[in-house]
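Have the sequence and the 3D view open as you read.

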Amino acid sequence: MADTSGASFSEKFSGKACTLGLIVVILSGLAAALSGPLYQAGTLGLMQAFGVLRASIQYGLAAGAVLCLIGLILALMAYKGAFLGKSITGVIGLIIAGIVVYVPYSVQNGDFPPIHEITTDFDNPPAFIDIVPLRIATEARNPPEYVPVVEGFGRTVDVVAEQKDHYPDIQPVQFAGTNYEAVYAKALQGVKDMGWTLVSESPVLGRIEAYDTTAWFGFIDDVVIRIEAQPMAYELDIRSKSRVGFGDIGANAKRVRAYLQKVSG
């Protein structure tokens, strides 16, 4: 009798647990995915959006995964070797939860320094000029000036040292055996190829300013490119800086690397 009632209980609730778990996982995944667009639309503030993202992952997905796991265990008790066929919704729920958790976890736990700007010239970083009013209009929390040492969250960060340690390959590009017009045209075309929004370009001053918008949360990072004559060559320097955020999880370095590779080819 005990075995019969146990199997009956397992058969009765395994499917329900798996189905409910899958529903919770899907709803939590949608909430996590929508946190960025809702912030972009102005429906949620930045901290509210991060709160939705965090709660969706830490509580919603966790609860859904637990329900799916319980369903799988009950199915195993009831159906033995054939339990997978009876609890496919639970398997799908666990897979979805794992994927949704892995994506932000892998990004946040990468070896990224706590900085929010990158430059190829530490001694004389290219300056933002025409983009400054846009930063003011959007209430950018980070100043437009290059700040070699930043403080926040109870720590002091040497931005220069962190960039040199994590991104030693990011260096100015030298163009030898060519003329200025060709170098400037290549630099400008690189901006267009990257899909950035062009703010201003001045062949006379050798400066190009633009900004890039991240897809999920719509964060805006500003870019300035400078071309100067050097002995026997022209040198291209670039600087990319986030408008908000203490760290950028490597976004500015990735952007600068991609641009430098494009114009160097």
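R226 is buried, and D237 is buried too (buried means under 20% relative accessible area, exposed over 50%, and partly exposed in between, with a 1.4 Å probe and protein chains only). Salt bridges that share partners tie D121, R226, E228 and D237 into one network. A salt bridge here is a side-chain nitrogen of Lys or Arg within 4 Å of a carboxyl oxygen of Asp or Glu.

Before going on, a word on the ground rules: this is a predicted model, where local features need pLDDT of at least 70 and side-chain atom pairs count only at pLDDT 80 or more, while totals for chains, interfaces and linings use all residues. Residues are numbered from 1 along each chain as its sequence is written, and side-chain values use heavy atoms, with hydrogens and water left out.

**Salt bridges**

How many salt bridges does the structure hold? There are 12 salt bridges in the structure, and the table shows some of them.

| Pair | N to O distance |
|---|---|
| R207 and E209 | 3.2 Å |
| R243 and D222 | 2.9 Å |
| R226 and D237 | 3.3 Å |

Helices (H or I, at least four residues) and strands (E, at least two) are DSSP runs, numbered from the N terminus.

Now for the pair made by the side chains of R243 and D222, a salt bridge at 2.9 Å, N to O. This pair also links distant parts of the chain: D222 sits in strand 7, and R243 in the loop between strand 8 (233-242) and helix 8 (251-264), 21 residues apart. R243 counts as buried because its relative accessible area is 5%, and D222 is buried at 0% relative accessibility.

As for the R207 and E209 pair, R207 is buried at 18% relative accessibility, and E209 is buried at 0%.

**A pocket**

R243 turns up again in the second largest pocket, where Y39, T138, E139, R243 and V244 lie nearest the centre among 15 lining residues. On a 1 Å grid over the protein atoms alone, a pocket is an open set of points where a 1.4 Å probe fits, with protein on both sides within 12 Å along at least five of seven lines, and lining residues have an atom within 4 Å of a point. The volume of this pocket is about 280 Å³, counted as the space filled by probe spheres set on the points. Helix 1 (2-40) and strand 7 (220-230) each supply at least two residues of its lining. By type, the lining splits into seven nonpolar, four polar and four charged residues.

**Strands and contacts**

Strand 2 (residues 149-152) and strand 3 (residues 155-158) pair in the antiparallel sense over four bridges; pairing requires that DSSP finds at least two bridges between two strands. G152 stands opposite R155 in strand 3. The hairpin of these strands has two residues between them, and F153 there takes a positive phi near 55 degrees.

S202 counts as buried, at 18% relative accessibility.

T119 lies in strand 1 (residues 117-119) and is buried at 0% relative accessibility. Not counting residues up to four places away in sequence, T119 touches P125, P126, Y146, Q163, I170, I238 and R239.

Terms used. Ala, Val, Leu, Ile, Met, Phe, Trp, Tyr, Cys and Pro count as nonpolar, Asp, Glu, Lys and Arg as charged, and the others, Gly among them, as polar. Contact means heavy atoms within 4.5 Å.
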